Amino acid sequence: MKNKNMLLILTMCIGTFLCMLDTTVMNIALPAIQTSMNVPLDRLSWALNIYTITFAVLTIPLARIADIFGRNKVYLIGLLTFAIGSFVSGDANVPATLIIGRGIQSIGAAIIFPTSMTIAIASTSQSKRKTALLTIGLTQGLASTLGPTIGGIVTEFLGWRWVFYINLPLLLIAFIGVTLQLPLRHEPRTNAKIDFGGMFLLMITLFSLTLSLTQGTDWGWTSARILSLAGLTIIAFVAFIFLESRVKSPMVRLDLFADRQFSGASLTVILAGLLLVSVMVIMPTFFTQVQGKTELVAALLITPASFMIFVMSPIAGTLIERFGPRLIIGLGFLSMAIGYGILGFMNPDHYWQTLIGLMLLGAGYGVIIGPITVLAASDFEGEKLTASQSVMGVLRQIGNVLAVAIFVSLLTSNINTAKTTAWHDAQTRIEQTSLSQTTKQKMLKATQQRFTGTGAKTPTHQSNGINKRQQAQIISRETKLATQKAHINQLPTQQQIIVRKQIQERVTQKVVAIVKKDNHEIKRTSDSIAKHTKSLISKAFLVLYQHAFPFAISFIFVALLFYRRKDYLAIIKHDVKIAR
């Protein structure tokens, strides 16, 4: 019986893993998708946003539908829907198809995620509930962090389409597992009601918030459109809270937040997710676009964070029982904050500094996210327990949405500013050279071309010097002018040949010397511009973590919302007595 329950929990973990994996797995594949579809990167951003927003908004309503029609049957529908979305996404040739595929995926994920948790809890005894929650919670955290790593490896060896196709065999295994292990006929149902009003208001809130954060740089933060979206976000959110406090079957049970530990877990899952996803989304771009690494190398370089999460998450459960949640959650946030400090002020040319920052970040997140599912469950029972886990799933997605929207928007603004500064500095450097005006103009034109385009890719160290063909053209032109000035046509034919040869030799010697000198200066200036530009764009990335560092430090105080050690141990002992 024990093995049967564990097998069912592992089956649920497959679906949960894929749902959370696909929140981040395509981040590192975006440059490859952009190249394949030959479109600007901003046209693909909603392939990320549509997944997280739809996932967050539909999780609770679709969980209610599963309760009404039968969780096991609806879970199978969720697996099938996710599979269809994965196939459409992998087969896409234009952004619109990819966005549609991701939207279908997110509907399947919104069914799978809460229902897998509910099925696992329902099939587990009270005494084993903590193990089930801890296992699925670990799966959620690990899947989110492994996304970029898996995405990089798959993109490198199989191509970006397999980022989506790899879901299909795993979904088939989960489908067969559910069919064999769970009854599909005469399963228990409830008369739950769906809060359509709350669902609509939450969708408006998240959509307007995300759109304002992602478009703020392009439209202007004080523009009428952004201010209107901000106003709409506030109005929709206030209306959502008002409605949820009045309806009989709210989408989000506000009474859950009366429990201090649940409130702490809710805030923790948003903030910890925001800190982690902001690094796991941005750093692969930094490695590929600025450092010039391949997708595979970039994936491997961020793997230490995922490794530390994998190591620390299971350990954290034991530490919580020994030291209490307040101290452990506080230390987790402290570790993440120190990681941010190192990433913000490091020298990016020394990977060991990046490595330490990533390991501290991953260790801190692992310590937090490992037991957070259990902590969120508090001492809830029955429907309240199920509702708490659904809300946590929504909040986790909100953290991902905020991370992508805020940090990608700020990064875009920083990169544009860095490129503008670098271009002005390049013009000054070129003008200060001793090159001819014609050569300066050619160099300016070539340099400006390397600054055009979107993204963070820095100009290469290409010197744009005078090549052999151009040198030969200069020698020919200068020889012709010198010959005309010498009036050699008045000389005898034999002497004309001798003089013309002498003139060509002198001109060649002079031009070669000048070209050598100019090429040296062009290369030195071009290398200086490339190095300076790379430094500015590197800072555009690092300054994100510098500015976020004080906020990360302040997040430590969230730990005060959790119980002290003696209070937490008292609750555990009380739960054990009830279970017996």
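Predicted model: local features only at pLDDT ≥ 70, side-chain atom pairs only at ≥ 80, totals over all residues.
Me: Is the crossing in which H13 passes H14 left-handed or right-handed?

Reply: Left-handed, in the case of H13 passing H14. Residues are numbered from 1 along each chain as its sequence is written, and side-chain values use heavy atoms, leaving out hydrogens and water.

Me: At what angle do H13 and H14 pack, and how far apart are their axes?

Reply: Two packed helices are described by the angle between their axes and the distance between the axes. Here H13 (residues 325–345) and H14 meet at about 155 degrees, with axes 7 Å apart. Helices are DSSP runs of H or I with at least four residues, numbered from the N terminus; axes are lines fitted to C-alpha atoms over the stretch in contact, and angles run from 0 to 180 degrees between N-to-C directions. H13 is therefore roughly antiparallel to H14, a label for angles over 145 degrees. Their contact (heavy atoms within 4.5 Å) has 18 nonpolar, seven polar and no charged residues. Ala, Val, Leu, Ile, Met, Phe, Trp, Tyr, Cys and Pro count as nonpolar, Asp, Glu, Lys and Arg as charged, and the others, Gly among them, as polar.

Me: Which residues make the contact of H11 with H14?

Reply: H11 (260–290) packs on H14 (351–377) at about 150 degrees, with axes 10 Å apart, so these two are roughly antiparallel. H11 also passes H14 in a left-handed crossing. Among the contact residues are Phe262, Val269, Leu276 and Phe287 of H11, and Tyr351, Leu361, Ile368 and Ile372 of H14. By class, there are 18 nonpolar, four polar and no charged residues.

Me: Which way does H3 pass H9?

Reply: That crossing is right-handed. H3 (residues 45–69) and H9 (residues 196–219) pack at about 160 degrees, their axes 10 Å apart, which makes H3 roughly antiparallel to H9. Contact residues include Trp46 and Pro61 of H3, with Met199 and Phe207 of H9. The classes are 12 nonpolar, three polar and no charged.

Me: How many cavities of 30 Å³ or more does the count give?

Reply: Four. A cavity is a set of points, on a 1 Å grid over the protein atoms alone, where a 1.4 Å probe fits but cannot get out; lining residues have an atom within 4 Å of a point. Volume is the space filled by probe spheres set on the points, joined across faces, edges and corners. The largest cavity holds about 60 Å³.

Me: Which element gives the most to the lining of the largest cavity?

Reply: H15, with four residues. H5 (95–122), H14 and H15 (382–431) each give two or more. The lining includes Phe113, Val269, Ile372 and Arg396, and divides into five nonpolar, four polar and one charged. Val269 of H11 and Ile372 of H14 also belong to the contact of those two helices.

Notes. Parallel < 35°, antiparallel > 145°, perpendicular 65-115°, else oblique. Left-handed = near helix turned anticlockwise from the far one by under 90°. 1 Å grid on protein atoms, 1.4 Å probe; cavity = no way out; pocket = protein on both sides within 12 Å on 5 of 7 lines; lining within 4 Å.
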